[in-house]
Amino acid sequence: MLTQGFVVLLSHWRRHKLQFAMLLLGLALATALWSAVQAINGEARASYARAAAVVGQDRLEQLARPDGTRFPQSGYIALRKAGWLVSPVIEGEKRFGAERLRILGVDPLTLPSEAAQVNVGAADIGLQRFITPPGVFIVSAETAERLKGVETPPLRISDALPPGMVLTDIGIAQGLLDAPGQVSRLLVAAKQPGHARPLAEVTPDLVRRAPPEESDLSRLTGSFHLNLTAFGFLAFAVGLFIVHSAIGLAFEQRRPAIRTLRAVGLPLGVLIMLMVVELLVLSTAAGLIGVALGYGVASLLLPDVAASLRGLYGAEVPGTLSVRPSVWGLGLAIAVAGTLASAASRLWRIASMPLLAPARPRAWSLASERALRLQAAGGLLLLAMAGLTVFLGSGLVAGFASLGAMLLGAALLLPIMLSALLKLGERLSTRVVAQWFWADTRQQLPGLSLALMALLLALAANAGVGTMVQSFRQTFVGWLDQRLPSELYVTTRSLDESRKVHDWLSSRSDAVLPIWNADLRLFGQPVQVFGVADHATYRDHWTMLEAVPDVWDRIARGEGVLANEQLARRQKLKLGDAIPLQAGVSLPLAGVFSDYGNPRGQVMMGVDGLVRLFPDASRLRYAVRIAPDKAPQLAAELRKAFGLPQGNVVDQETVKAFSLRVFERTFAVTAALNVLTLGVAGLAIFASLLTLSGMRLSQLAPAWAMGLTLRRLALLEVLRGAALAVFTMLAAAPVGLGLAWMLLAVINVEAFGWRLPMHLFPFDWLRLLLLAVASAALAALLPALWLTRRSPADLVKVFANER
Amino acid sequence: MLLDLQDVSKSYPTGEGVLQVLRGVSLALGAGESLALTGESGSGKSTLLHLAGGLDRPDSGAIRFEGKDIAGLGDRDLAAFRRVSVGLVFQQFNLIPSLDVRANLAFQARLGDRYDAAWTGRLTERLGLAGLLDRYPEQLSGGQQQRVAIGRALAGRPRLILADEPTGNLDEATGDAVLDLMLALMAETGAALLMVTHSTRLASRLGRRLHLAAGKLS
């Protein structure tokens, strides 16, 4: 009985191969985009976890200054003498050729066993070699590849290190970082002897910190990955519309078979079970294809994502993917869950269908006005919820929930809006063919509405995200002009060289402005503090979002600091609030500046104050003011005089170009996902039109019999696709605007801490409209071509049961 | 002669080879005449009707309408012929589901630029459809749908009405009423009628009757 029932159910797919292919393809594509995002996120998170786990930082308590600055290693010696089992670590960044690497210096002799992921005593490294100059650099294979041809100590490869990180001896690291006798923190071994003197007595300036639950990197990049996840989910939702549509059609087409199966004695429960099994098999197959496809998409997107993460956060993510069981598991689970969710209402309808219910294969397309009104009411409710969430809720999750509610609400409202528009078209038409065209299009709506809803989501996402990106770009370009007014930017290689370069430049340029900075922990977050000189460059070019009237004078006098927008927003800072720079040293907030593209908090203060408060601040970089036409020659002379590499003396344009490149790569992934989502929506329309085309014949044949040619009917079919795309775009436009506003005013602020002005780009919207029309017309083209190739014999079959 | 079929043959490819449906059929129909075509299922009645209405083309033979051979016309001209000269009534009614009764009634006449509001109004009254004009086909009974189909076929005052089992889906009383109405209206317009039917009772009510068996007239 089971076999026979299953054979009957499956025979549908044998007779409807294209429908079957569309179902598999829709589900596979939906899963693919979702899995691609998961694979990328998984790779990135694994890399952050590796970075956080190096030398046991994620498991061991640490001793450090409250502000995170380095301290003399005498503190370490004092603690060891007092009986504490601690081990020193120094951390900092250093450029090797074109590569900027994170140096982690450890003392292999005192490193707690929990922290020793890399055995430096191993034969290929050797303890002696590790601790004596030139030392050994332990790096990942990817970093080793990047350092080929660059002068470094001997390299050893370890899987335990993430890309972009170097593990070396603390003495070697102190030399490389120009920090002799300094340490960043002390690792505290888990087991301590009981007799040690209290910490507060030995090193009162150090605080004991529990291992962080989440690394700084994973906290910083959280928003980026959440954005990607949201996009992946949107793509999945769009794909699910295809699945819902295909399953719905298949269930309705099989109603007669289902009725017959029940009539010949197959129990309803068994029938439902068989259908669930069928769905499970289908979704598992499609899920497997989807995850495999997803890895393909991810491998194409990962280089851009890795570049974005490096450019934005300094986060190193390997450029290659590893196969993760979690991605496969999650991909399959979401494919199965999505399919079952799509089929739930159909299964319920089958379960509650009376045995003798009439088999009406087209019943599904005759959605009642009541159902449409209910759907619209649901849509309005979701829109209201979106509005409430955005104004009453807070946080990124609330922002995305609001976005989701808005998109889904708009999608649910689409059919009733289209129906009203088409009705209006019918009323306004005076010619009979036009009247029939609008009426017939309205009749197709129930069958196409899911695909059109998917198109609405894709178009709104494209329009909204496109507007956000372009607004961001326009603001970013203007902001770069403000932030990078100097003609040259110089990076020296040592403090000594820095002083000499400064002196050399002072007599040859209009101004040499230090770009000195130190890292500190402020409000528990890593923050960079920069020192600025008292110079017209800043007064003339920097636009403050808010500031006290004499802001630059106060900065110059060391009576205040500036904070970037993201820090001010995150900490809800107001002008005049005290910014605790060091224990017992606070300065009032004198102004807030915009700092687009930088996820970290940043503070600016007078350069003298910086040097006084942070003697270890990096003092290697300068901005040089000079007449623009003299800049190239000065750059060349400077390189020659100090033997500076090309990359250490760059002009304004190069820095801007680099910043823009980072920007473009960041949004390359978004653009790719946008196009893919639109592609899935296009496929949804194609799938719907294709499955509907079989039923269209009975609707078109009377019009043909009464004197419309097949060619004209086919042309009208293509026009119908285009018209529906135009109307859907009209509906998507306000949704896109709303989406753009929410991305700029809510999501960006929550995720990155900056709020951008919204600009409109009519030509981009026009291009999107043309793209939508073209894709819908293209989707309608194949069924239309098939129609023109129909023989009269096929068409007259509609009218006769015999020949 | 309004309609003149000479030695018309038609075959269809099937899974089991070529099916010869019509074998050298000839018939003629004058203006205002009515002719019933009877025969068993599969005898080729509907095919003959479709060929006469320009819905399909014969393999061989000639089909002349008012002296002009329509078998050789291209798609565009055949469509124009159907728009202007032929009214079709089918067993399954085949109304346009997306249009209401009013629009269905006027559809073919407007397509062929032969719409006459006064005549359509009269037809509507005669067919008893005045109260149903805003309804859609799915909201009508079978008899009502067939009356709309007859109205649609006659609205453009075509010279030839082709009806394929027009009462086949209706009960006997409703079928008789529908046929009465159709014949009366045709008498008013002067159109000729070629009707396919299984029923000898209905066939006897038309002017002439021909029987088709195995693709040949007898």
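This is a predicted model: local features need pLDDT of at least 70, side-chain atom pairs count only at pLDDT 80 or more; totals for chains, interfaces and linings use all residues.
Modeller: Residues are numbered from 1 along each chain as its sequence is written, chains are lettered from A and ligands numbered from 1 in the order in which they are written, and side-chain values use heavy atoms, without hydrogens and water.

Biologist: Why are H14(A) and H21(A) called roughly antiparallel?

Modeller: Angles run from 0 to 180 degrees between N-to-C directions, along axes fitted to C-alpha atoms over the stretch in contact. Angles over 145 degrees count as roughly antiparallel, under 35 as roughly parallel, 65 to 115 as roughly perpendicular and the rest as oblique. The axes of helix H14 (residues 432-483) of chain A and helix H21 (residues 652-705) of chain A cross at roughly 175° and come within 9 Å. The two helices are therefore roughly antiparallel to each other. Their contact has 27 nonpolar, 10 polar and six charged residues.

Biologist: What makes strand E7 of chain A largely enclosed?

Modeller: A residue is buried under 20% relative accessible area, exposed over 50% and partly exposed in between (1.4 Å probe, protein chains only). Five of the five residues of E7(A), residues 165-169, are buried, so the strand is largely enclosed by the rest of the structure.

Biologist: How do you know that strand E4 of chain A pairs with E7(A)?

Modeller: Two strands pair if DSSP finds at least two bridges between them. Five bridges join E4(A), residues 99-106, to E7(A), and the strands run parallel. Leu104(A) stands opposite Leu167(A) in E7(A).

Biologist: Why is Glu66(B) called partly exposed?

Modeller: Glu66(B) has 42% relative accessibility and therefore counts as partly exposed. This residue lies in the loop between E4 and strand E5 (68-69) of chain B. Its phi is positive, about 50°, although Glu66(B) is not a glycine.

Biologist: What makes Arg157(B) partly exposed?

Modeller: The relative accessibility of Arg157(B) is 38%, so this residue counts as partly exposed. Arg157(B) is placed in the loop between helix H5 (142-155) and strand E7 (160-164) of chain B, and its phi is near 45°, a positive value in a residue other than glycine. Most residues other than glycine have a negative phi, and most peptide bonds are trans.

Biologist: Which peptide bond is cis?

Modeller: The bond from Pro133(A) to Pro134(A) is cis, with omega near 5°. Pro134(A) lies in the loop between helix H4 (127-131) and strand E5 (137-139) of chain A.

Technical notes:
Helices (H or I, at least four residues) and strands (E, at least two) are DSSP runs, numbered from the N terminus. Ala, Val, Leu, Ile, Met, Phe, Trp, Tyr, Cys and Pro count as nonpolar, Asp, Glu, Lys and Arg as charged, and the others, Gly among them, as polar.
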